[in-house]
Every structure is written in C-alpha cells, then in structure tokens.
Amino acid sequence: MLIDARTLPAESDIETDLCIVGSGVAGLTLAQALAGTGLRIVVLEGGGLDYDPESQALYAGRMLGNPAAGLDWSRLRYFGGTSNHWGGYCRPLDAIDFTARAWVPASGWPIDAASLAPYYARAVDILDIDGPDFSAEKWQGRFAPVFGQPALADALPAVVFQHSPPTRFGEKYRSVVERGRGIDAHLWANVVEIETDLTARTVEAVRVACLTGNRYRVRARWFVLATGGIENARLLLASNAVVTAGLGNGHDLVGRYFMDHPSFDAGTITFHGSSAIARHPIGSAIDAGFGLPPEVQAEEQLLNFNCYVRPATRETVDPSGYAALRELSRSITRGHLPPGWQGLVGEVAADLGGAAGGLWSRLFREPGELVARVYPEVAPQRDSRVVLSTERDALGLPRADLDWRLGELDRRTIVRGLERVGAGFARAGLGRLRIDEWLLEPGFAVPEGSFHHMGTTRMADNPRQGVVDRDCRVHGTRNLYIAGSSVFPTCGHAPPTMTIVALTLRLADHLRATIEVDGRGRRASAPAERLPAGTATPSGDMHGVLRAERKAPLSVS
Amino acid sequence: MPAASRRCFLGAAAPAALAGLAAGKVDAGGPRRRLTAIFANRQASRDLGRAVWPTLPAETTEESLIAALFDRNPEVADLIEGGAPDQLAAALRRAVEADFAQGRTHRVDGWVLSRTEAELCALARLG
C-alpha cells in the first residue's frame with residue numbers, strides 16, 4: 001500500500017518486521033524479493049511519486065574536491081529513486097575487480113565473482129535485459145564492427161554492455177507495493193535519525209520527518225539503509241546520539257573511500273578507413289567498448305579500464321528529438337514500448353529537425369576522426385569522502401558535502417589506457433590516437449563523474465577495514481544492513497546498477513535465512529532504556545561501545 | 001613555439017610523418033641517415049622530431065638513441081650495414097609493430113607513437 005506519511009498520526013510509533021530506507025534500485029529490489037514471504041515491510045521514501053523541488057533540495061551539498069555532478073541533481077529523491085534518470089547500461093563486475101590486487105591499495109572484496117554469479121543471473125529479469133551472457137562472442141554482429149576487428153581483439157578485447165529499457169523501478173514495482181503483499185511504502189517520509197539501544201548494537205527505530213512538520217518513528221526487527229552512496233553515509237554519520245562519531249563509524253570509515261567513474265572524451269583517432277565501422281547498429285540492445293586484459297592490468301599495474309570510440313560529430317549532445325527517437329527505436333526493436341513512450345513521441349514531433357539531422361548523421365556521416373571516451377575504474381582512497389556539513393537542511397539534518405579525490409594511479413590508468421588504445425589502432429593500421437592536451441598536465445582533474453556514488457560504507461570481513469561485513473550488515477550491529485553501491489570496496493569500470501541488484505538479491509536471501517533462524521513472528525526484544533536528553537553518551541571510539549556492550553544483555557541475532 | 005601553436009602544427013606533421021614510415025628509400029651514409037631515410041615525408045618527420053626531443057632524457061644523444069634502438073631490435077642492427085633498404089624498412093616496420101604489441105609507446109603532444117617511431121623522429125631532427 002502507498003501511504004502519505006504526512007497524514008500519519010504525529011509522534012506515533014509504527015511497528016514492522018523489516019524497515020527499508022529508500023525506494024531506489026536497492027530498496028525496491030529488496031522489497032519485491034521479500035514480498036509475499038509473510039514479512040511485514042515498510043519502505044520509507046523521502047519524496048513522492050514524482051519529482052518535487054522542495055524534497056529534492058534536501059540533497060544539496062557542496063563539492064569540495066574533484067568536480068562532479070551536483071549532489072542535488074545527480075540523484076533523485078522520489079519513488080524509484082535515481083533509477084528515474086538511469087541510462088540503462090548493465091554489466092557485471094569482472095572477476096579481477098573482486099580480487100586483492102597488490103598494486104591497488106585497499107582492494108579486494110570478501111566475496112568473489114563466482115559467489116555473486118547466481119545473483120547476476122537473477123538480476124536479468126529485474127533489469128529487463130536479455131540474459132547473463134556478456135561475452136563478445138555471444139553478441140558479435142550486434143555491436144559496431146570496429147570492436148570485433150581481429151587485429152584489435154588480442155590487445156583490446158571488446159567489453160559488452162546490455163541496455164536496460166531502462167527499467168524505472170518506481171513504475172515497475174509500484175504495483176507490487178499497491179497489491180499489498182505485506183509492503184507499505186510511506187511517501188514524503190524522510191529518515192532523520194537511526195535510533196539504537198545504549199550499546200549501539202541494536203537499531204530500535206528510525207525517526208521520520210515530513211517537510212510539512214509531521215514526525216513519527218518506525219520500529220522494526222531489521223533495518224536496511226538503501227539511500228545511495230552519499231545518503232547512507234550521511235545518515236550513519238548524523239546518527240550520533242550514542243556513538244559520537246556516528247553509527248557504524250567506530251573505525252572512522254563511514255563516508256570514506258568514495259568513488260565515482262570518470263567519464264569524458266579524452267582523445268581523437270585520426271582514422272585511416274571508413275569511420276562507419278565504429279557505428280553501432282540501429283536499435284541494438286547492446287553497446288561495446290575496448291577493455292584492457294587482466295594480464296595487462298597486472299603487468300602494468302593499472303586499474304580496470306574501458307574506452308568507447310564513436311565517429312566524431314560536431315555536437316557533443318544529441319538533439320532531443322534524435323535522443324527520443326533512439327530510445328523509442330531501442331525498445332521497439334526488442335518488442336515493447338518504453339515507459340513514457342507518448343512523451344518520447346511528443347519529443348520527436350517537437351524536434352523533427354533534430355531527429356532527422358541526428359538520424360542522417362547516424363546513418364550516412366563518415367567523419368575522418370573517431371572520438372575516444374574513457375570510462376575507467378578509480379582506486380579507493382581514504383581521503384576521498386563524504387563529510388557532514390556545518391549547514392543543515394530544512395529538516396535539521398546536517399547536509400552532506402563531497403570531497404572526491406583522484407590519485408596518481410587513477411590518472412596513470414586513464415593516460416596509459418589511452419596509450420594502449422592508441423597502440424592497438426596503430427598496430428592494426430586503423431588510425432593514430434592523439435590524447436587531449438589537458439590530460440598531459442600533472443594532477444589533472446576530470447570534468448565530472450557518472451552519478452555513481454560508491455564505496456562510502458565499504459564491505460570487509462575486518463571491522464577495521466570496512467563498515468559492513470560480507471552479509472552487508474554494519475559491523476558491531478545485529479540488525480542494521482546496507483544495500484547499494486556504498487558497500488563496494490572497489491568499483492571496476494562496469495556501471496554499478498547490475499551489481500547493486502545482485503548484491504541486494506543476495507541480501508534478501510540472507511535476510512530470509514536470518515528470519516527463519518530467528519523464528520518468524522517473534523518480535524524484536526523490548527527497546528532498551530533510552531538516554532534522557534542531555535545525558536552523556538558513550539564515547540565515539542570502539543572502546544566506548546564495547547564497554548557499554550558488556551553491560552547490556554546479550555541478544556540473539 | 002608556444003605549446004598551443006606547436007600542438008596545432010603537429011596536428012598536421014604527426015600524421016604525415018607517421019603515415020610515411022618505412023617507405024624504403026635508398027640512402028647512403030651512416031646509421032642515422034640510413035634509418036631516417038625511410039620516412040616518406042622527411043620534413044614532417046623532422047618537425048615531429050623537434051617535438052620529440054624535449055620529451056627525451058637530457059643526456060640523450062644520437063649514439064644513445066641508435067644504441068637503444070639496436071638493443072631492442074637486433075634485426076635492425078644486423079641490417080644497418082649492407083642490408084637492402086627494403087629489408088631494413090621491413091625490419092623497422094616489425095620493430096614498430098612489436099613496440100605497439102608490447103605497449104612500448106611514447107607520447108608526444110598527445111600523439112601515441114611507438115618507441116621506435118619516436119627514436120627515428122628524434123634522429124630525423126638531427127639532420
């Protein structure tokens with residue numbers, strides 16, 4: 001059921017089994033995976049069913065480091081979350097992305113690619129893509145011929161991406177919520193604090209605030225934060241009533257190791273043949289780029305890397321009519337109409353010139369140059385981080401500021417990856433690459449990221465190295481989990497959405513098993529005594545938490 | 001020459017120099033002259049060579065460039081004295097290809113050259 005939180009009784013306590021904070025890709029994947037299990041689920045969404053500027057403004061924050069898309073527009077605060085402007089690129093992480101690489105500090109996941117493979121397979125239906133096979137062999141003929149050139153294949157293997165329609169999670173799963181299979185979604189329900197017992201081991205409730213002034217609590221047996229890589233960290237850091245450094249932050253890791261994928265045009269290839277071979281077939285459900293083989297990454301001590309090439313055009317952005325036509329075409333060739341297709345038809349009609357021009361360029365133009373666009377992995381860095389601002393939002397919550405840092409390994413990967421692309425084209429006799437001038441400056445910044453906010457609650461078995469364990473449970477807590485890309489210890493070059501869905505399905509399995517062990521129907525133990533306002537709280541360090549923990553009765557998780 | 005105009009200038013020189021590599025022209029003389037004679041467009045290769053020099057270590061000399069090239073490519077060293085120009089050109093083409101295959105690249109104002117190409121252009125700059 002969809003519930004308008006503004007109409008709920010003020011200062012009430014709502015009880016449920018599982019409380020999911022956030023209704024984006026992770027939140028709704030988890031809710032639909034557990035729908036019909038008999039579990040009572042409450043999903044808390046800060047926005048409504050559509051974009052609302054006042055709600056969106058709660059996301060504003062300052063950019064302190066490398067430039068990136070503004071925090072108030074790189075993500076979306078309404079039902080369906082950031083999937084509402086997702087581009088639809090899908091690809092699992094590569095096996096090497098999960099490994100500890102000696103040349104990449106803080107690399108290595110506690111789980112491997114094989115353990116996630118079954119969940120990637122299940123993610124296919126959720127993301128509405130054609131299957132779990134991303135091999136170049138399977139898709140040969142469906143991407144631009146340049147990527148299958150035998151002369152290039154050894155040095156620059158084709159990396160395949162499937163296009164989701166893209167799935168808008170709010171539209172797709174709204175009916176699951178409305179059918180009332182144990183799921184209530186509260187709209188306009190902003191979580192402003194996570195409340196714990198005195199040990200900070202058990203989360204008892206989250207405090208919810210509406211912009212209209214209404215406030216209430218949701219109590220649950222399990223809580224899952226699924227609000228994205230910025231907001232997950234913000235909520236943990238701001239929930240500091242018991243642990244002053246913030247919940248789950250006993251080792252000063254929450255908010256750190258922020259990563260995003262740089263994505264920008266980085267060079268031009270003077271092409272010797274017809275640049276038409278770099279054109280993707282019309283309506284193809286896939287895209288491809290050039291990757292670096294794992295052995296080259298190891299030999300040259302580089303991060304993972306991907307580079308797209310396309311025929312150069314004068315326009316850096318496609319005309320709106322052509323962009324709409326392309327989205328329609330992609331869906332229709334796959335046998336269905338995309339969500340909001342009427343609007344797309346309207347955009348084509350309103351910009352017929354742009355649609356026709358874009359199509360002509362797409363079909364017939366053969367410029368003598370290709371543009372190389374890089375899309376590299378970045379390394380996790382401790383100083384790249386989300387921090388709480390001194391400014392507060394309309395609900396009184398400290399805003400999140402972002403200090404995104406790039407390191408020399410990131411820059412070397414970009415330049416060296418491009419050199420490898422240039423070498424591949426030169427060796428194959430296809431053309432010569434010239435890297436853009438600004439990339440030759442030491443310490444260059446990248447123009448922007450990809451709206452992929454990752455790493456701020458990283459996963460590790462050792463609580464000194466990660467915020468969550470391999471089950472995505474916050475270290476030191478018994479009932480608080482995190483879903484989404486904030487748990488990625490490293491990010492590969494693949495867009496994060498498919499891995500978010502796979503990890504969330506894995507978390508759903510874990511929660512299902514936990515619920516069975518814990519005994520369905522048993523409610524959470526009575527909340528421990530809360531500290532009166534003004535009472536001194538345990539210190540933020542781990543010792544403070546442990547001292548308090550010894551005094552508390554043990555609870556079974 | 002300011003960086004910006006040099007970059008603009010090399011936009012024309014680099015493709016011309018690199019497209020003409022290993023054309024196989026005959027030239028008598030020492031190793032440098034025989035090696036650099038293989039450029040179809042000598043002026044373009046000299047222009048590119050001028051941009052290559054500042055990217056090389058300060059102690060680089062004609063001798064050290066030739067020694068490095070021969071060390072990496074014994075086949076070229078064997079052909080430099082008495083080898084047919086076509087054979088030398090073919091050996092250099094293979095050297096360039098091997099550089100690219102093994103990632104031995106050299107960047108000059110953004111252009112990605114093989115190390116052998118960079119050395120040859122630097123030698124061309126000398127005369």
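Author: The model is predicted, with local features needing pLDDT of at least 70 and side-chain atom pairs pLDDT 80 or more, whereas totals for chains, interfaces and linings use all residues. Residues are numbered from 1 along each chain as its sequence is written, chains are lettered from A and ligands numbered from 1 in written order, and side-chain values use heavy atoms without hydrogens or water.

Reader: Why is α10(A) called oblique to α11(A)?

Author: The axes of α10 (residues 320–332) and α11 (residues 341–350) of chain A come within 8 Å and cross at roughly 140 degrees. Angles under 35 degrees count as roughly parallel, over 145 as roughly antiparallel, 65 to 115 as roughly perpendicular and the rest as oblique; therefore α10(A) is oblique to α11(A).

Reader: Which residues of α10(A) and α11(A) make the contact?

Author: With contact meaning heavy atoms within 4.5 Å, the residues include Ala324(A) and Leu328(A) of α10(A) and Trp341(A) and Leu344(A) of α11(A).

Reader: Why do Asp252(A) and Phe451(A) count as partly exposed?

Author: Buried means under 20% relative accessible area, exposed over 50% and partly exposed in between (1.4 Å probe, protein chains only). Asp252(A) has 31% and Phe451(A) 27%, so Asp252(A) and Phe451(A) are partly exposed.

Technical notes
Axes fitted to C-alpha atoms, helices over the stretch in contact; angles between N-to-C directions. Helix = DSSP H or I, 4+ residues; strand = E, 2+ residues; numbered from the N terminus.
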